[in-house]
Each structure stands twice: as C-alpha cells, then as structure tokens.
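Try each task yourself before you read its solution.

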Amino acid sequence: MCIFTCRSMTVALRAERVLREGRISGEVVTIEPSLTKRGCAYGIAVKTDACEKTEKILRKRHVPFGEVIR
Amino acid sequence: MARENILYFDNAATSWPKPAPVVEEMRRAVEEYGGNPGRGTHKLAIKAAETVYQARENLAKFFRVETAENFIFTMNTTYALNMILKGLLHPGDHVLISDMEHNAVLRPVEHLRAKGEISYDCFDALGTDAEVLQSLEKKIRPNTRMVVCLHVSNVSGNVLPIEKIARYCKARNLLFVLDAAQSAGHISLDIGSLGADAVAMPGHKGLLGPAGVGILYVRPGLLPDTIIEGGTGVHSLEKEMPGFFPERMESGTLPLPAIAGLNASLGWMMKTGVEAVFEKERYLGRKLAWRLLNDDLLETYEVTEGSVFSVNLKGIIPQEFGQKLAEQGVCVRSGFHCAPLAHRRIGSDASGTVRFSIGYFNTENDIKKLDRILSRVELDLLI
C-alpha cells in the first residue's frame with residue numbers, strides 16, 4: 001500500500017475521483033498526525049503497484065499532494 | 001396544510017414546493033448516513049463527505065466552473081456576502097454598489113463605513129446598459145476597489161447587465177462581487193466565463209434546495225481574509241486557518257442534510273435544464289405581468305420580462321393587501337423586502353409593495369385562480 005497525503009478531505013476525495021477515472025482504486029484514509037506535524041490530515045491509499053501511475057495522474061490533473069508514504 | 005388550497009407566489013423569498021428527490025435525500029442524510037463530513041474516515045463520515053463533495057462538483061458543473069473546491073458552503077447568501085465583503089475590503093477602500101441592492105449588501109458596507117473603514121456610493125442600476133456603465137464610470141474614485149451588485153432585483157425583477165459590468169471591472173482592475181440570490185437557478189449563469197471575483201447565492205431559492213445552505217464562489221487565486229475561524233477538520237495543530245479552499249472559509253460542522261438536499265436539487269435542475277426552467281417561468285411571468293398591468297386598480301413598478309413583480313392596490317397599504325390575499329390562500333410578500341434602496345429607486349419607499357414571484361412549480365391554472373382571487377380581494381378592499 002502507498003499513501004499520498006492530502007491537505008484535506010476535499011482534496012482526498014478529488015484525488016479518489018481522478019484516480020477512478022484512470023481506473024485506479026483508491027481509499028480515503030486518515031494520516032497519523034505525527035507524519036504531518038500539522039494535526040488532522042487525510043490521504044489516498046492505493047496498491048503499491050499503482051503508486052507510480054497514481055503520482056503521474058495526480059500531477060497531470062493538478063491534484064495537490066504532500067508526502068508519499070510507501 | 002393542503003397544497004391544493006395554496007397559491008404560492010413567494011418564490012423570491014424561498015421556492016416552494018421542492019422537487020421530491022430533495023426531500024428524499026434529506027431524509028437519507030439524516031437516517032442513513034448522518035456522519036460529520038470532513039471529520040474522520042468511518043463509513044458514515046466518508047459518505048457524508050462524498051455527498052458534500054458531489055454537491056460542490058454539481059455546482060461546478062451547473063455554473064461551468066473548473067474547480068469544485070472554490071464553491072464554499074455558507075449558512076445563506078447574506079453570510080456569503082458578509083464573508084466576501086469583509087474578507088476582501090481594506091481600510092481606505094471605496095466600494096460601488098447598485099441602487100437596487102438588498103440589505104445583505106447595503107448593511108455590511110454601511111457597517112464598514114460607520115466604523116470608518118471604507119466609503120461607498122451607489123450607481124444607477126436601471127436604464128440602458130450604457131447608462132448603467134456611465135453611472136458606474138461617474139462614481140469611480142481613485143480608491144475604488146470593488147463593485148458589488150445583484151443580478152436580478154428581488155423587488156422588481158430587473159436584470160442588471162452583469163457581463164458588461166464584469167468586463168468593465170476587469171478593465172479597471174476592480175474586484176467584482178455578484179449577488180445571484182434571485183438569478184441562480186432561474187437564469188443560465190456561466191460563472192466560469194463571467195469573470196466575477198466572487199458570487200454569492202442561496203441554495204433554497206432558484207436552485208430549489210432547502211433553507212440552511214448558501215453558496216459562495218471565490219475565483220481561484222483570490223484569498224479573502226476570514227471572518228469566522230474555528231475547526232476545519234484539517235491542520236488542527238495550527239492556530240491559523242488553512243490557506244486553501246473550501247476549508248479556509250468553512251469553520252465548524254457543515255449542514256449535511258441541507259447540502260444533501262441541495263445536491264439532489266442540483267441533480268434535478270441539471271436533468272430538467274435551467275433553460276427549461278427559465279422558459280416556463282418567463283411564460284408564466286408574461287401571463288402574470290399582463291394581468292397586473294391591465295388592472296387599473298393596481299399600481300405597477302418596473303414590470304420586466306422576469307418572474308418578480310411589485311404592485312400596490314391603489315389607496316391600500318401593501319400589508320393589508322397582502323393579508324387579504326393570504327386569507328384567500330395566496331402567498332405573497334408585502335413590505336420592503338429587505339431592500340429599501342430598491343424601493344426608493346422605483347418610488348415605492350412610502351410603504352413598500354406587494355411582491356408576486358413565480359417559480360418553476362407554478363402553473364397556468366395558478367395564474368387563472370390568482371386572477372379571480374385578485375378581483376375579489378380588490379373589490380373587498382375598495383368597496
């Protein structure tokens with residue numbers, strides 16, 4: 001599993017939709033506060049083998065994401 | 001209350017009835033997925049968040065805007081206007097508002113003026129498009145920073161030339177804030193190409209959603225200051241509000257049932273088509289205008305081709321006229337409609353007017369019934 005951190009639930013949901021269009025199944029998850037140091041945060045989790053494609057799609061569709069937790 | 005005994009002509013206050021899917025979706029939001037959107041990832045919270053996000057997506061689709069996140073949910077249009085006016089204006093700024101504005105615009109700018117922070121003037125909103133722009137031009141000052149105006153008057157139904165005003169503002173580097181309280185859902189509004197910096201609208205009027213949710217669109221790149229701060233579900237360890245939309249402007253729990261209802265109404269609107277809504281309302285509006293204009297006992301004001309009409313029964317105060325109509329099951333609004341500027345402008349500032357406003361669910365039969373009731377009420381009051 002790899003997780004793309006998102007600044008909000010709104011962005012995580014946008015990421016999920018964009019990935020669905022690219023035929024990647026993602027799940028909105030909460031991120032451990034220790035990882036963001038900013039408090040509550042969300043991310044989109046995808047299967048490890050979809051990580052590279054996910055990154056490409058999110059960048060192409062201008063969906064902002066932070067750290068990628070692998 | 002039996003629907004068949006009601007003649008509802010108060011759609012400018014709030015639309016009624018609502019499409020059936022709105023009621024059903026609100027029930028589902030309460031009974032089936034009533035989690036807190038943006039506050040956690042358990043099943044109910046996710047379903048709630050997805051519903052809220054889908055509502056933003058539907059707004060983006062309906063108003064032809066690319067970014068769903070730039071639609072911010074507020075309590076109502078008044079909150080949305082307060083948020084954008086107080087969030088963007090700085091001490092020393094001068095603002096131009098139209099002379100048909102609702103108190104939702106007049107009172108915030110007057111409040112800021114009374115505090116010594118800003119100044120404002122009114123431009124003439126009636127007349128030809130060229131005259132409106134000339135009036136704007138005349139009132140411009142070196143420190144003018146923003147133009148605020150409504151799209152459609154809630155008193156007379158007059159439509160302002162917002163595309164031309166938007167272009168004028170862009171050319172002058174002025175912020176343009178639009179109050180679409182009486183146009184959203186009634187008239188096709190392409191926010192994406194309009195070029196407004198912000199648009200405020202209600203969910204419960206032309207968009208046919210429930211009361212309890214308003215909408216503020218803020219164009220990408222514009223970051224207003226906040227007037228309400230609090231929990232957003234993200235960046236919780238930081239003392240400052242997030243610097244991104246929509247969370248920056250949405251403190252506290254969102255009204256999920258209202259947003260779910262709005263989402264359903266947007267779906268209904270897109271299926272029906274705003275053009276079809278416009279055509280039906282215009283058709284009925286013409287019939288009603290004809291009835292009102294051809295009645296010597298009535299004084300009419302600025303009758304347009306729209307769906308909002310202000311009248312007075314000669315010699316009778318509007319409250320009395322409105323009350324008599326109410327006793328016959330006719331729902332109208334009498335008084336000043338929270339728009340003293342507009343009444344001054346159209347010459348009804350002595351006691352206001354009785355306002356008839358049409359919605360999509362009105363029928364030709366409603367107009368026929370109203371015709372008969374109007375004649376009866378007029379006789380009762382004048383003889």
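**Exercise 1.** At what angle do α1(A) and helix α3 (residues 51-60) of chain A pack, and how far apart are their axes?

*Solution.* Step 1: get the geometry. In this predicted model, α1(A) and α3(A) pack at about 110 degrees, and their axes are 10 Å apart. Axes here are lines fitted to C-alpha atoms, for helices over the stretch in contact, with angles from 0 to 180 degrees between N-to-C directions. Helices are DSSP runs of H or I with at least four residues, numbered from the N terminus.

Step 1: find who touches whom. A:A15, A:V18 and A:L19 of α1(A) make the contact with A:T54, A:I57 and A:L58 of α3(A), where contact means heavy atoms within 4.5 Å.

Step 2: sort those residues. The contact of α1(A) with α3(A) has five nonpolar, one polar and no charged residues. (Ala, Val, Leu, Ile, Met, Phe, Trp, Tyr, Cys and Pro count as nonpolar, Asp, Glu, Lys and Arg as charged, and the others, Gly among them, as polar.)

**Exercise 2.** Now chain B: are helix α5 (residues 129-139) and helix α6 (residues 162-172) roughly parallel or roughly perpendicular?

*Solution.* Step 1: α5(B) and α6(B) pack at about 30 degrees, with axes 10 Å apart. That angle makes α5(B) roughly parallel to α6(B).

Step 1: look at the touching side chains. From α5(B) come B:D129, B:V132, B:L133, B:L136 and B:E137, and they meet B:K164, B:I165, B:Y168 and B:R172 in α6(B).

Step 2: sort them. You get five nonpolar, no polar and four charged residues in the contact of α5(B) with α6(B).

**Exercise 3.** What is the volume of the largest pocket, and which residues are closest to its centre?

*Solution.* Step 1: the largest pocket has a volume of about 450 Å³. On a 1 Å grid over the protein atoms alone, a pocket is an open set of points with protein on both sides within 12 Å along at least five of seven lines; in a cavity a 1.4 Å probe fits but cannot get out, and lining residues have an atom within 4 Å of a point. Points are joined across faces, edges and corners, and a volume is the space filled by probe spheres set on them.

Step 1: of the 18 lining residues, A:R14, A:R61, B:Y53, B:E57 and B:E66 are closest to the centre of the largest pocket.

Step 2: α1 (9-21) of chain A and α2 (43-62) of chain B are the elements giving two or more residues to this lining. By class, the lining has six nonpolar, three polar and nine charged residues.

**Exercise 4.** How many cavities of 30 Å³ or more does the structure hold, and which helix gives the most to the lining of the largest cavity?

*Solution.* Step 1: there are two such cavities, and the largest cavity holds about 170 Å³ of space.

Step 1: 16 residues line the largest cavity, with A:T10, B:P37, B:G38, B:R56 and B:E247 nearest its centre. α2(B) gives the most, with four residues.

**Reading the numbers.** Residues count from 1 along each chain as its sequence is written, while chains are lettered from A and ligands numbered from 1 in the order written. Local features need pLDDT of at least 70 and side-chain atom pairs 80 or more, totals for chains, interfaces and linings use all residues, and side-chain values use heavy atoms, leaving out hydrogens and water.

Technical notes:
Parallel < 35°, antiparallel > 145°, perpendicular 65-115°, else oblique.
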